[in-house]
Amino acid sequence: FPTRRSSDLTPVKFRKIASAGKVMASVFWDSEGILMIDYLERGKTITGVYYAQLIRKLRVAIKEKRRGKLRQGIVFHQDNAPAHTSSVAMTAIRECGFELLQHPPYSPDLAPSDFHLFRYLKDSLHGQKFDTDESVIHAINDWFQELDKTFFLEGVKALEHRWEKCVELQGDYVEKL
């Protein structure tokens, strides 16, 4: 019988601990607060058709939560993700009567959800462990409910400042403000 060397030992395998994976949230908000949050079902992707349905739901949410705002006109801002710029999504935006604020390509510094909302959300949840998607969703919803109304207004005002800076720099990247 051959003898076993220490290099022949079976490698140690670590047991994976079940935890929540990533949770995809589409958050629609304005200067007054959250209008609508949609949590994407695990295993699904956001397509143009799915996003168009969200836009239509958003219009209903605005009608319910911001009475009279639809008549005043809605300026809608989104990034350039393919699902957002698909023909079906753009049609839904027009049908809902939203005026689309153009978003320059490759400009995360001009997306308020990136530079304001999600940045602070990530900081708030940093280091926490969640066992289920539902516990993540619950923590996110709780965080949003605890925010002061001024948080959202600050995010919109920051967008105005970032746009001005972008124009001043003739379109250069402006994240370091």
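## Helices H1 and H4

Helix H1 (residues 48–65) and helix H4 (residues 87–95) have axes that come within 8 Å and cross at roughly 15°. That makes H1 roughly parallel to H4, a label for angles under 35 degrees, while those over 145 count as roughly antiparallel, 65 to 115 as roughly perpendicular and the rest as oblique. Axes are lines fitted to C-alpha atoms, for helices over the stretch in contact, and angles run from 0 to 180 degrees between N-to-C directions. The crossing of H1 and H4 is right-handed; the near helix is turned clockwise from the far one by less than a right angle in a right-handed crossing, and anticlockwise in a left-handed one.

On the H1 side, the contact (heavy atoms within 4.5 Å) involves Gly48, Val49, Tyr51, Ala52, Ile55 and Arg56, which meet Val88, Ala89, Ala92, Ile93 and Glu95 of H4. By class, eight of these residues are nonpolar, one is polar and two are charged. Here Ala, Val, Leu, Ile, Met, Phe, Trp, Tyr, Cys and Pro count as nonpolar, Asp, Glu, Lys and Arg as charged, and the others, Gly among them, as polar.

## Basis of the model

This is a predicted model, in which local features need pLDDT of at least 70 and side-chain atom pairs count only at pLDDT 80 or more, whereas totals for chains, interfaces and linings use all residues. Residues are numbered from 1 along each chain as its sequence is written, and side-chain values use heavy atoms, with hydrogens and water left out.

## Valine 88

Valine 88 is found in helix H4. Its relative accessibility is 31%, so valine 88 counts as partly exposed; buried means under 20% relative accessible area, exposed over 50%, and partly exposed in between (1.4 Å probe, protein chains only).

Not counting residues up to four places away in sequence, valine 88 touches Gly48, Val49 and Ala52. The C-alpha atoms of valine 88 and alanine 52 are separated by 6.3 Å, although the two residues are 36 apart along the chain.

## Overall layout

The protein has seven helices and four strands, taken as DSSP runs numbered from the N terminus (helices H or I, at least four residues; strands E, at least two). From the N terminus on, the order is β-β-α-α-β-α-α-β-α-α-α. Of the 177 residues in the protein, 34% are buried. Among contacts between residues at least 6 apart in sequence, 62% join residues at least 24 apart.

## Nonpolar cores

A nonpolar core is a set of buried Ala, Val, Leu, Ile, Met, Phe, Trp, Tyr and Cys residues joined through side-chain atoms within 4.5 Å. The largest has 17 residues, of which Phe28, Tyr51, Ile55, Leu58, Phe76 and Phe98 touch the most other members. Strand E2 (33–39), H1, strand E3 (74–77) and H4 each give two or more residues to this core, and H1 gives the most, with seven.

Phenylalanine 28 touches Ile34, Leu35, Met36, Tyr51, Leu54, Ile55, Leu58 and Phe76, not counting residues up to four places away in sequence. A second, separate core of 16 residues includes Val27, Leu125, Ile140 and Phe152.

## Helix H5 and its partners

Helix H5 (residues 112–125) packs with helix H6 (residues 133–146) at an angle of about 115°, their axes 11 Å apart. In this contact, Leu117, Tyr120, Leu121, Ser124 and Leu125 of H5 meet Ala139, Ile140, Trp143 and Phe144 of H6. The contact has eight nonpolar, one polar and no charged residues.

The axes of H5 and helix H7 (residues 149–168) come within 9 Å and cross at roughly 145°. H5 passes H7 in a right-handed crossing. By class, the contact of H5 with H7 has eight nonpolar, two polar and two charged residues.
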